[in-house]
Amino acid sequence: MPRPLADQVRAIAAQYPESRSAVMPALRIAQERHGGWLPPEAFEEVGEALELTPAYCKGVATFYDMFHLAPVGRRLVEVCTNICCGLRGAQEVLSAFERALGVQPGETTPDGEFTLRAVECIGGCGWPTVVAIDDRHRLNVTAGDVPQIVQELRHE
Amino acid sequence: MSDVIVLAGADERDLTQLGEYRALGGYAQLERVRGMAPADVIGELNAANLRGRGGAFFATGRKMQFIPGAEQNPNPHYVCVNADESEPGTFKDREIMNRVPHRLIEGSLIAAHAIDSQHVFIYIRGEYLDAFETLRAALDEARKAELFDGVTIVLHRGAGAYICGEESGLLESLEGHRGQARSRPPYPAISGLYASPTLINNVETIATIPKVLELGGAEYAKIGAPPDSTGTRLFCVSGNVVRGGNYELPMGITIREVIYDLAGGIPDGRALKAVIPGGSSMPILTAGQIDVPLEHDALRALDTFLGAAAVIVVDDRACMVQLGLRVAQFYMHESCGKCTPCREGTRWMVQLLEAIEAGEATHSQLDLLLDVCDRILGKCLCPLGDAAAMPVASYVVKFRDEFRAHIDQGGCPFGGESSLDGLFAPVDQHTHHPVVEEGVPA
């Protein structure tokens with residue numbers, strides 16, 4: 001039996017002088033529990049644990065890029081397309097993922113396996129192109145690496 | 001003396017391990033400092049002329065001196081370590097956290113002692129999962145070894161917002177709000193986290209402190225390009241170079257040396273076109289300006305900044321209009337929306353740059369672009385708007401012929417051959433921040 005979300009959240013909140021500071025960690029936990037996104041009931045759970053309104057919690061979540069307000073695939077593939085990766089072929093890497101997965105950036109494959117996103121700089125500029133897979137960074141990715149990566153991910 | 005300060009020893013030893021760090025004299029300065037008066041610690045930092053490594057280059061010791069004493073303000077005092085490294089081109093704090101996490105922890109505890117604080121928060125960007133885990137493990141080790149002496153250190157993960165690297169956005173976010181910039185004054189030293197006196201410093205600044213104390217401020221001040229640009233920086237080298245990466249060097253090395261001696265030059269036989277010296281928000285330099293030393297005063301003389309010491313190298317395949325468009329798209333995406341000039345101005349910049357790139361703009365719209373930049377600059381609560389306006393205006397000024405060619409030829413003179421051609425921006429993602437109706441099945 002996993003710990004109830006409220007218990008987990010209150011333990012985190014105790015680290016801060018004001019419990020509201022725990023809203024981001026709480027949203028992250030709720031997102032993990034709901035399969036990678038934040039459905040409306042997640043805001044009610046977080047709100048109840050921290051004595052905040054669900055609307056407040058949703059208002060915070062919509063500000064941050066890593067909180068997802070729509071369902072995402074089992075694997076999240078994010079390609080940096082900012083300038084440093086862009087100068088070194090990020091667009092070709094992104095296009096290769098589009099071809100391999102059959103979706104556009106922002107879309108999820110019909111089988112629910114993959115969500116593909118283009119993201120702003122994730123801080124690996126010296127090792128382009130940077131691709132985050134479920135928040136783990138792969139560095140120096142080229143378009144030629146993409147079919148192999150997708151093959152691996154399908155079997156993990 | 002070795003030139004390496006912040007990453008000292010990391011090539012030879014696994015300094016993520018407490019034992020290895022201690023074998024190298026780690027935490028000895030903390031122990032020594034705890035027997036010193038806070039004012040004497042700050043005195044060493046002032047003697048070193050240590051300046052903020054996050055980009056603002058503000059004197060670290062002076063910032064600490066702005067924090068009122070307990071008799072003036074009895075509220076708890078806070079130290080916030082800004083580990084929300086998000087400026088495109090910058091990836092040094094990540095390396096510091098991954099390779100010398102204990103040096104950052106030691107520096108944080110010394111900073112806490114210097115401002116008489118018992119509470120440290122480290123705000124790390126959400127995307128740095130590896131650094132988060134490394135730092136968390138190091139914190140656990142240091143805590144078990146009873147190095148905290150009553151101080152608490154909370155590691156707080158962000159969730160993807162560039163603005164939270166701006167100090168007031170960081171404080172808002174840490175308090176559990178949307179990360180929107182605050183009006184200043186009051187400055188964080190007077191009224192920061194939970195309206196209490198707060199010291200906010202960048203990871204690299206904090207991680208430099210133990211070595212400053214080990215060497216002594218006066219000795220540290222001899223490194224680099226004194227009197228203002230003392231010490232080393234982790235230069236983040238990216239873009240069109242053979243060997244990108246972080247290079248820790250004394251300030252004052254030239255851009256030419258960085259590109260050709262360290263990073264192996266420009267690949268594929270291409271020619272250098274331009275260099276962005278401090279991160280994507282900084283005004284650009286042309287290929288003819290690369291003999292400038294990477295230090296504060298010399299770059300100011302060229303109307304640009306050292307910023308976070310990110311050196312982005314651009315070769316002759318890049319279309320400057322496309323570069324400006326992609327930079328503007330980033331800042332439009334990251335604008336917190338609070339100040340109208342930034343929220344609306346970055347959008348106008350994007351629209352104008354799209355029209356220029358498509359060959360649908362007039363010459364007067366090129367002037368309008370500069371006018372929009374001017375109406376953002378210095379007119380907002382935080383520098384995010386400036387971060388869009390400064391670089392784009394510099395591209396127009398320094399590469400005006402290329403911008404004009406788009407207008408005169410009715411399209412991009414690169415004819416689809418630019419290295420940045422068709423680069424997709426997340427702002428185009430139609431599902432970004434989607435509205436999910438109640439009852440829609442998961």
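Tutor: Let's start with a definition: contact means heavy atoms within 4.5 Å. With that rule, the meeting of the two chains takes in 53 residues from chain A and 73 residues from chain B. Keep in mind that this is a predicted model, where local features need pLDDT of at least 70, side-chain atom pairs count only at pLDDT 80 or more, and totals for chains, interfaces and linings use all residues. Residues are numbered from 1 along each chain as its sequence is written, chains are lettered from A and ligands numbered from 1 in the order in which they are written, and side-chain values use heavy atoms, with hydrogens and water left out.

Student: What is the area buried between chain A and chain B?

Tutor: Buried area is the accessible area (1.4 Å probe) that two parts lose on being put together, summed over both. Here that comes to about 5,100 Å², and carbon and sulfur atoms give 57% of it. A:Phe63, A:Ile83 and A:Leu87 supply 15% of what chain A buries against chain B, more than any other three residues.

Student: Does A:Cys121 count as buried or exposed?

Tutor: Buried means under 20% relative accessible area, exposed over 50%, and partly exposed in between (1.4 Å probe, protein chains only). A:Cys121 has 4% relative accessibility, so it counts as buried. B:Arg400, at 29%, counts as partly exposed.

Student: And how do I read two helices packed together?

Tutor: Two packed helices are described by the angle between their axes and the distance between the axes. Helices are DSSP runs (H or I, at least four residues), as are strands (E, at least two), numbered from the N terminus. Axes are lines fitted to C-alpha atoms, for helices over the stretch in contact, with angles from 0 to 180 degrees between N-to-C directions. In chain B, the axes of H3 (residues 38-48) and H10 (residues 203-215) come within 10 Å and cross at roughly 90°.

Student: Which residues of H3(B) and H10(B) make the contact?

Tutor: H3(B) brings B:Val41, B:Glu44, B:Leu45 and B:Ala48, while H10(B) brings B:Ile209, B:Val212 and B:Leu213.
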